[in-house]
Each structure stands twice: as C-alpha cells, then as structure tokens.
Amino acid sequence: MESTAQEAIRGLAGIDVAIILMYMAGVFVLGTFFGKYVKSAGDFFQASRALPFWAIGMSIVVSDIGAMDFVAVAGSAYTDGIAVANFDWIGSMPAMVFAAFIFVPYYWRSGVYTIPEFLGRRYNSAVQVIHATIWGIFLLTMLSLMLWVTGDQLMNTVLGWNPKVVVWTMVFITGVYTFSGGLSSVVMVDVVQLIIMFVGGIALLVLSMWEVGGPANLKERVADTQPRMVVVCDSERAVSNEAVKDSIEKAGFTVLGIDRLEAKKDGDGRNRFFVRLESIEIAETQAEDMAKVRGKTKELVTKALSTLGAEGNQAGVEQLRTYESHFTILLPHDTDKPYPWTGIVFGLGIVLAIAYMSGNQAVVQRTLGARSEWDAKGGMLFGGFLKSFIPLMVAIPGLCAVALIPNLAEGDRAVPAMIGMLLPPGLKGLMFVALLAALMSSVDSTLNSSSTIWTTDLYGRFFHLVTGRSLDGRQALIVGRIFTVVFILLAGALAPWVGRTETIYVFIQTALSMFQGPTLAILLLGIVWRRATRWGGLAGLVLGVIFTTILSNVRGLFPSDDPFLFVAWWSFVFSCIVTVVVSLLTRPEPADKIRGLVWGQVMKDAELQSVLNERVS
Amino acid sequence: MEEGLGILGRMTEAINRIFGPVLMRIFQPTNEFLASAYMPWARIVAVGFFVGTMVWVFVGLKRSYVNLDAPSKHVWHDLRFWTIISMLPHVIVYLYF
C-alpha cells in the first residue's frame with residue numbers, strides 16, 4: 001500500500017510540475033519587488049513599521065508551520081491520535097493572547113529590533129548577549145536543518161528529486177528576496193504562501209473526509225482498527241517472520257499479519273517487524289485501564305522476543321498502537337503516550353507556548369514592524385485564530401489515514417500517502433506547492449530574524465565595545481544584508497552535514513528547551529514586576545538553565561520517556577523564585593531606566609493613562 | 001569524541017547520584033497525586049484556562065489599553081471581542097473531545 005502511494009506521487013503530471021514552477025517564479029518576483037523600498041535598517045528589519053494586522057497574523061502562522069510540521073503532525077495524529085492538536089490549540093491561542101496584551105505592547109513601545117535588545121534594556125548586556133547567542137546559533141542550525149529535512153525526507157523520498165538541487169534552489173530564491181526586501185518581502189510573500197497552504201490543506205481535509213464517509217464514520221472506523229506494533233529483534237543473524245510470529249503467539253496474542261521493515265539508517269534494529277494483532281486483551285488486567293494493558297502487552301512481547309536473538313542483544317516493542325484514545329485530547333498524567341494532560345496544560349500551555357510566542361524572534365519580529373500598537377496586538381490575535389485551523393488541515397487527514405491506510409509502519413508516511421491516493425493532477429501539484437510554501441516561509445523568516453539578532457545584539461554589541469559608538473541605520477543595513485547572504489550560503493552548505501548528524505540537532509534542541517522556562521520567567525517578571533533587578537534576571541537565567549540540566553538528566557522523575565513538558569514547567573517555577581529572591585536582595589533599578597518597560601507604570605500612571613484614554617476616544 | 005561522550009555519561013551519573021534522591025522525594029508524591037486525579041479535572045482545568053484568559057482580557061484589562069490606536073470605536077475593531085471570538089471555538093473543542 002505504501003509503495004503504491006509513493007508511485008502515485010512520483011508520477012506528477014505536467015500540470016503539477018507547471019504549477020510548482022509558476023509558484024517559484026511568482027514568489028521570486030513578488031519577494032524582490034519590495035527591495036526598492038529598503039533604504040535603512042528600519043526598512044530592512046522592521047518593514048518601515050508599516051505592516052497591517054492581517055499581514056502580521058498570516059505571516060506568524062505560516063512562519064511557524066514548516067513543511068515537516070505538515071508531515072510530522074499528521075504522522076503523530078496517525079500513531080498517537082488527536083492529542084497532538086494540543087500544540088496548535090491550547091499550545092497557541094492563550095499564549096498568543098498573553099503575547100498580544102502583555103509582551104508585544106512593551107516591545108513595540110520600546111522600539112527595539114529584537115527581544116535580546118529588550119532584555120538588555122530591562123536588565124543588562126550580559127543577559128542580552130547570553131540570550132542572543134543561544135537564539136543566534138539555534139536559528140542558524142534550524143535553517144540548515146529545515147532545508148535538508150525537506151529536501152531529503154520530503155522531496156527526495158516522496159518525489160525522487162535530488163535533495164542538493166532542492167536545497168540550493170530554495171537557498172537561491174529565499175536568499176535573494178530576503179536580501180533584497182528584508183521583513184517587507186518576507187511578510188508579503190508569507191501572505192501569499194498562507195493562502196496557498198490553506199487551499200492545499202483544505203483540499204486534503206475535504207477529500208479525506210469524503211473518502212472516509214464523514215466524521216461519524218471516521219470515529220467508528222478508527223475505533224474498530226486492530227492494534228499494531230513495531231517490534232525489534234536486534235540480532236547479528238536474520239530472524240524470520242515465522243519465528244517472530246510464533247514467539248508473539250506463545251505470549252498469548254493472535255497475529256493477523258507480519259511484515260519485515262527496513263533497518264533504521266543508524267544501523268540499529270536490523271530485524272524490525274510490523275505486526276498486526278487481533279487484540280491485546282489480557283485476562284489479569286481491567287480492560288478500562290489501558291495504560292496497564294499496554295504496559296503488560298509490551299512486557300510479555302519483549303520477554304517472548306528476547307529468546308530469539310543472541311544473548312545480550314536487544315529485543316522489544318518499539319511502538320504499540322492502539323486506537324481507543326485516538327479521539328481523546330487530554331490523556332491521563334501516567335499515559336505511556338507522549339502528551340499527558342498535566343504536561344500539556346502546564347508545560348506547554350503556560351510555559352513553552354508563551355515562551356515561544358513571546359520570546360521567539362521569528363514570531364515577534366512581525367509585530368515589531370506593525371504600523372500601530374493596535375495592529376501589533378490584532379496581528380497576534382488574528383494569527384491565533386488562523387492557527388486554530390491548522391489541526392483540521394493536518395491532524396484530521398492523519399486520523400483519516402488510520403481508517404484508509406492502517407498498515408503504514410511510519411506515521412510520517414501518512415500525508416504523502418494520502419496525497420498520492422486522493423488528490424487528482426493539478427491539485428497534487430498545488431499540495432506540493434503548499435508544502436514548499438510552508439518550507440520557504442519558515443526559511444525566510446528564520447533567515448531574516450537570525451540576521452537581525454546577529455546584527456543588533458552580537459555584532460552591534462561588539463562594535464560598541466570596540467569603537468564606543470553604536471551602528472547607524474546605514475551601517476546596520478549593510479551588516480544585516482551581509483549576514484543574510486553569509487547565513488543562507490552557510491545553511492545550504494552545512495545542510496547535508498547537519499541533517500545527517502542527529503546529535504547536533506538534538507544538542508541544539510535540548511539547549512533551547514533548557515532555555516525556555518528561565519527565559520519566560522525573566523521576561524514576565526521584567527515586564528510585570530518593577531522590583532526585578534539586573535542581578536535577579538541574570539541569576540534567574542543562569543541558575544534556571546542549570547536546574548533544567550539537572551531535571552533533564554535525573555532518570556525516572558516524570559512519567560514520560562521524554563519529559564520536556566514537565567521540565568519546562570518546573571524550570572519556569574524555579575527561575576521565578578530565584579529571580580524574585582535575588583531581586584529582593586539587591587538594589588532596585590532606577591525609575592528612569594525602567595520607565596515605559598514595566599506593566600505597572602503604564603497601567604497605574606495617571607498621566608500616561610489619561611493620554612491613552614484620549615487617544616482611544 | 002568517545003572520550004567526550006564518556007565525560008557526558010559520567011556527568012549524568014554524578015547528577016543522578018547527587019540530586020536524584022532529593023528530587024525523587026519531591027516529584028514522586030506529586031506524580032502519584034496527579035496520576036490519581038479524577039480525569040474530568042483535566043477538562044475543567046483546560047477549559048478554565050481558556051475562559052480565564054477571556055475574562056482577564058474582557059474584565060481585567062482597561063479598554064483604553066486593549067484598544068489603543070484602534071482605527072475606530074466600532075465593535076469590530078474592539079480587540080476584546082476578537083479575543084472572545086478567537087477563543088470560544090477552542091472551548092467547544094475541549095468540551096467535545
């Protein structure tokens with residue numbers, strides 16, 4: 001079934017290829033058009049502060065959703081269910097409301113280019129440089145990774161295109177228009193890309209639901225799907241399908257079918273099998289306690305398989321798919337699936353989402369280019385509203401794939417397979433354009449934001465340290481453009497290496513996740529509490545990152561295998577406490593330094609408030 | 001490279017040995033308490049998060065602050081209503097699923 005879908009996609013019709021080429025040419029022309037308006041750093045980094053709310057909202061959404069999100073979210077819905085939609089629902093909308101009404105007005109009023117710059121004004125330059133260094137490196141690595149993952153895993157695996165050609169084509173198109181028009185080009189191209197992405201996504205949703213027979217049928221068909229699992233028997237010699245089947249049946253399960261899978265790229269799991277079971281009912285456990293049933297099943301199968309390989313070799317269940325909770329959005333705290341409700345509400349909803357929406361330069365930079373404070377806030381809210389539709393276009397087709405093609409060993413194959421099965425010529429080309437749009441919009445935003453951070457917070461600080469002067473508008477524009485060219489070329493050149501060296505990606509991701517809770521703590525306290533001091537902020541950031549390192553490395557503290565949601569929450573709480581305690585023990589900041597940067601001053605200052613009232617009425 | 005990994009491994013072991021017992025005493029009871037929590041509480045907390053945010057924007061924030069620089073005083077330019085309209089569908093989703 002999987003190879004049939006792949007064949008169907010590889011056979012793109014002439015009209016599909018024409019649509020893809022027209023799209024690339026159109027984006028290139030539109031993006032470079034805005035170059036003629038760029039005369040200073042303000043034009044390049046802040047789009048001359050002329051962006052309307054609708055462009056900001058659309059750009060935020062499309063920058064946030066990459067091509068691999070399309071594939072990975074659908075894949076996660078296919079294997080783990082609707083709970084993955086939490087990332088675009090409770091993990092977005094409330095955070096965007098908080099960002100709109102707490103953080104964005106302060107960034108916008110202070111007229112900064114970057115969040116590290118805001119932190120530098122509120123606390124000190126050490127906080128600014130630490131924050132900028134982590135984000136600068138992270139954004140650069142992400143650029144390479146986005147290019148390679150999409151070129152290799154999407155365009156090469158699915159369409160058979162040469163990944164290096166895909167990467168360098170993307171580098172050329174996005175590099176030229178980002179260099180030329182800066183934030184204006186990025187945002188206006190993003191608007192077009194969002195429309196294309198929504199048309200492609202809605203087409204996939206409608207055709208998937210049509211094929212399944214509507215929502216009621218979908219729920220019924222998913223619930224009736226029998227359990228599947230991926231098992232590994234890591235032995236030097238080949239283990240036969242029959243031997244694995246016999247072992248699992250001896251453990252008390254009825255095997256309906258078994259297929260050998262390809263070994264993983266890293267060489268692990270030379271004997272991997274996809275097994276379809278009749279059921280996983282076990283006499284000694286209660287049917288309603290599915291966590292126990294799943295745990296017992298894994299234990300029994302692992303024990304049965306361990307006799308097959310040579311002594312000392314690993315055997316076990318890599319993945320167990322059951323479908324009873326595929327339509328449950330909030331899973332129990334002790335679930336063995338990746339999204340327990342406590343982690344989702346506290347770790348994701350309160351910490352990671354707010355840290356991302358308020359502290360990610362690629363998101364916030366659009367609001368800094370707004371034509372008014374109302375447009376900055378409205379852009380955030382409009383973005384949250386649009387983002388609510390993403391799970392419908394991505395997660396629901398993943399669930400439909402469970403009913404239509406239940407035998408995919410890898411969940412990430414669900415979207416490509418559905419495109420191959422359901423979309424006719426023309427629409428198939430449009431869907432691939434939607435995926436390219438998702439990629440290019442993420443690349444252009446990341447490129448523009450990383451050049452802004454490197455120019456303002458790292459090179460700008462260094463220049464000030466050496467010369468005693470700040471960069472003027474023209475110098476900043478030249479440096480920003482040089483960084484844009486260097487970074488996109490570097491990202492293209494390093495893409496294959498970063499894409500294949502998993503440890504680099506894991507290291508950078510881990511470093512960033514360690515940073516999120518402490519960063520949110522000092523950002524939030526810096527804005528809402530005037531007593532927060534520079535030493536409080538520095539201690540909260542540094543000790544918070546150390547605490548996160550400890551939490552991430554102590555085994556068995558949390559129920560999940562990958563406890564990043566819990567770590568984010570507790571590191572946020574810890575950093576808040578440290579910042580408050582150290583601030584109270586140190587000298588308060590002078591009133592002049594924090595005027596206009598602290599919430600209480602704006603809300604309570606009678607003079608300032610009467611001016612605001614006048615302007616609204 | 002292997003030596004580097006060895007150092008990381010030893011650091012992880014040291015962190016586990018030094019901090020593990022203390023942190024376990026804090027997080028073990030927390031996990032047990034949360035695992036036994038009545039599941040409808042999850043829904044109440046999630047929906048409460050959305051409703052609380054809406055109430056905060058509508059009641060807790062001054063209209064002048066929310067709508068500063070608005071193009072007009074019309075209700076369709078009032079960001080408090082934008083917040084309600086954007087968040088209500090989420091409440092329905094979390095009640096349905």
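Trainee: Among contacts in chain A between residues at least 6 apart in sequence, what share joins residues at least 24 apart?

Mentor: Two residues are in contact if their C-beta atoms, placed from the backbone, lie within 7 Å. For chain A, 82% of the contacts between residues at least 6 apart in sequence join residues at least 24 apart. Please note that this is a predicted model, in which local features need pLDDT of at least 70 and side-chain atom pairs count only at pLDDT 80 or more, while totals for chains, interfaces and linings use all residues. Residues are numbered from 1 along each chain as its sequence is written, chains are lettered from A and ligands numbered from 1 in the order in which they are written.

Trainee: How many helices and strands does the secondary structure of chain A contain, and what percentage of its residues is buried?

Mentor: Helices (H or I, at least four residues) and strands (E, at least two) are DSSP runs, numbered from the N terminus. Chain A has 25 helices and four strands. A residue is buried if 20 or more other C-beta atoms lie within 10 Å of its own, exposed if 12 or fewer, and partly exposed in between, with C-beta atoms placed from the backbone. Of the 617 residues in chain A, 55% are buried.

Trainee: How do the elements of chain B run, and what is its radius of gyration?

Mentor: Chain B has four helices and zero strands, in the order α-α-α-α from the N terminus. The radius of gyration is taken over C-alpha atoms, and the globule rule is 2.2 Å times the number of residues to the power 0.38. For chain B the value is 24 Å, whereas a compact globule of 97 residues would have one near 13 Å. The C-alpha trace of chain B spans about 65 × 40 × 25 Å along its principal axes, and 19% of the residues of chain B count as buried. Domain bounds come from an automatic or database domain assignment; for chain B this gives domain 1 (1–36) and domain 2 (39–97). The centres of these two domains of chain B, taken over C-alpha atoms, are separated by 40 Å.

Trainee: How many residues does the contact take from chain B and from chain A?

Mentor: Each chain contributes 39 residues. On chain B, α1 (2–35), α2 (40–60), α3 (63–66) and α4 (79–96) each supply at least two residues to the side that touches chain A, and α1(B) gives the most, with 11 residues. For classes, Ala, Val, Leu, Ile, Met, Phe, Trp, Tyr, Cys and Pro count as nonpolar, Asp, Glu, Lys and Arg as charged, and the others, Gly among them, as polar. This side of chain B has 27 nonpolar, 10 polar and two charged residues.

Trainee: Where in α4(B) does the kink lie, and what covers the buried residues of α4(B)?

Mentor: The bend at a residue is the angle between axes fitted to the seven residues ending there and the seven starting there. In α4(B), a kink of about 25° lies at B:M87, shortly before the proline B:P89. The expected span of a helix is 1.5 Å times one less than its number of residues. The 18 residues of α4(B) should therefore span 26 Å, and the end C-alpha atoms of α4(B) are 27 Å apart, which agrees. Buried residues of α4(B) include B:W82, B:M87 and B:Y94. Their cover includes α6 (93–110) and α15 (373–387) of chain A, together with α2 and α3 of chain B.

Trainee: How many residues of α6(A) and of α15(A) are buried?

Mentor: In α6(A), 15 of the 18 residues are buried; in α15(A), 14 of the 15 are. A kink of about 45° in α6(A) is centred on A:A100, and α6(A) is followed by A:G111, whose phi is positive, near 70°. As for α15(A), its first and last C-alpha atoms lie 21 Å apart, close to the 21 Å expected.

Trainee: Is A:L386 buried or partly exposed, and which residues does A:L386 touch?

Mentor: A:L386, in helix α15 of chain A, is partly exposed because 19 other C-beta atoms lie within 10 Å. Not counting residues up to four places away in sequence, A:L386 touches A:G57, A:M58 and A:V61.
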